[in-house]
Amino acid sequence: MIKKLIYLLLLPLNLMAQLVTTNPDTVCYQSLIPSNYEVALDPTLTYVWMVQPPAVIVSGQGTNHVLVDWSSFPTGLIINAISVQGYNSAGCNTPAKFLNVFIYNEVVSFTQAQDVCEDDDCITLVGMPPNGVWSGVGVQNNMFCPTISGVGNFNLIYTYSNAGCSFINTMFINVIPIPNLSPIQHD
Amino acid sequence: MKKFLFILFTLIHLQTFSQCVGVQTFTLTPPPPPNGYAPGTVVQVCYKMVGWPGLNVGTNWLEGFDINLGSGWTSLQPMQPPANCNGGNGVWIWLTINYTVSGIVGPGWFFDSGTNGPLDGNAANDWGDSGNCTWQFCFKVKVINNCSNADLLIQVTAGADGDWGSWTNNNCPTIPFTIYNGTMDLTLPTLPDIYHD
């Protein structure tokens with residue numbers, strides 16, 4: 001009875017330990033970091049991987065894990081983007097396993113801010129899609145504060161992150177100095 | 001003496017092509033999987049025959065055991081030979097090819113008795129192992145390491161000295177005893193899912 005109880009308590013942990021990738025797998029558009037794909041190792045097998053061009057297997061062919069460069073692929077769903085078969089020493093092969101890949105891209109935009117004076121109040125920065133993060137000189141809590149940045153031209157970066165991917169766009173903003181009048185003279 | 005017994009038994013039984021072999025059994029290690037043996041598998045085959053009724057069929061004595069293997073087997077490796085039942089100074093010898101009056105047999109174990117012929121490593125030129133004993137032997141054999149659906153037949157044929165030796169009565173038929181008649185298991189387990197880490 002106790003043994004069964006312990007088993008039932010540990011069952012969720014065992015299930016969590018299994019490595020699962022959602023099909024399709026999501027890959028960030030134009031990511032320069034190769035994606036690592038893997039199947040559980042069977043030491044009696046040699047693994048043959050295939051990817052759809054223009055994807056490239058960077059390394060690992062013959063093993064149970066490969067690095068794949070998807071950076072040349074356009075946005076969208078790739079059916080059977082990657083597959084693997086195991087071959088034993090006799091040359092017999094397993095059925096192929098396939099995985100679809102979705103190349104994920106997000107167009108990031110913003111509402112262009114007007115030039116501001118160096119003593120203006122902080123202005124709210126607006127990016128799309130929402131819920132991204134602004135960064136750069138003079139940025140605090142997604143607001144740009146010219147009193148912090150000072151005078152000059154600044155690049156403000158809007159970063160939107162989702163599904164493990166980050167997409168950015170850059171906005172330029174100009175902080176204008178307050179004009180100084182020369183002293184009043186009585187001529 | 002043997003010819004005297006031959007005439008005597010011929011008169012008594014007048015049998016032609018009677019069953020001469022004893023009770024045959026075998027073991028396979030590992031046991032055959034449901035879908036057949038996988039390439040590269042080494043199997044130990046042990047064969048046993050209890051009795052030799054051929055004594056009463058034209059006074060045939062046991063001459064040997066021919067092993068017949070399908071094309072899916074390789075690396076046949078003999079182990080201990082059968083025991084000499086009542087064959088005097090004769091010995092059981094392993095022959096890969098044995099040229100007999102009935103044709104070529106082998107590989108297998110054959111009895112070089114030295115009776116009515118020389119004890120010279122040629123089992124076909126003398127008589128067999130007399131008696132009514134239990135003969136048993138094992139051998140190892142390997143499934144070819146090739147992904148082809150090759151035949152894995154294993155047969156052992158117990159033959160009389162009237163067929164494979166220098167005895168002249170050939171009333172003992174050579175009937176193969178089939179130990180295994182499977183094919184290679186070429187299926188591999190399905191791979192687990194691909195995961196992206």
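I began with charges across the interface and counted 1 salt bridge between chain A and chain B. The model is predicted, so I kept to its rule that side-chain atom pairs count only at pLDDT 80 or more.

I then looked up the partners. Asp193(B) pairs with Lys97(A), and their closest N and O atoms lie 2.8 Å apart. For polar contacts between chain A and chain B I noted 6 residue pairs, both residues at pLDDT 80 or more.

Next I asked which strands of chain A supply at least two residues each to the side that touches chain B. I listed strand 1 (25-28), strand 2 (35-38), strand 3 (46-51), strand 6 (76-87) and strand 7 (97-104). Strand 6 of chain A gives the most to that side, with 5 residues.

I turned to the extent of the contact. Chain A puts in 31 residues and chain B 15 residues. The two chains bury about 2000 Å² between them, and 63% of this is on carbon and sulfur atoms. On the chain A side, I found that Glu38(A), Cys92(A) and Lys97(A) lose the most area to chain B, together 28% of what that side buries. Lys97(A) is also the salt-bridge partner of Asp193(B).

Last, I checked the surface of chain B. Ile97(B), Tyr99(B) and Ile104(B) make a nonpolar patch of about 350 Å². I placed Tyr99(B) in strand 6 (residues 98-100) of chain B.

Note on methods: Residues numbered from 1 in each chain as written. Chains lettered and ligands numbered in written order. Predicted model: local features only at pLDDT ≥ 70, side-chain atom pairs only at ≥ 80, totals over all residues. Heavy atoms only, no water. Patch = residues over 30% accessible without salt bridge, like charges linked within 9 Å, V, L, I, M, F, W, Y side chains within 5 Å. Areas by Shrake-Rupley, 256 points an atom, 1.4 Å probe, with all protein chains shown as cover. Salt bridge = Lys/Arg side-chain N within 4 Å of Asp/Glu carboxyl O. Helix = DSSP H or I, 4+ residues; strand = E, 2+ residues; numbered from the N terminus. Contact = heavy atoms within 4.5 Å. Buried area = accessible area lost by both parts, 1.4 Å probe. Polar contact = N/O pair within 3.5 Å; in protein donor to acceptor, adjacent residues only side chain to side chain.
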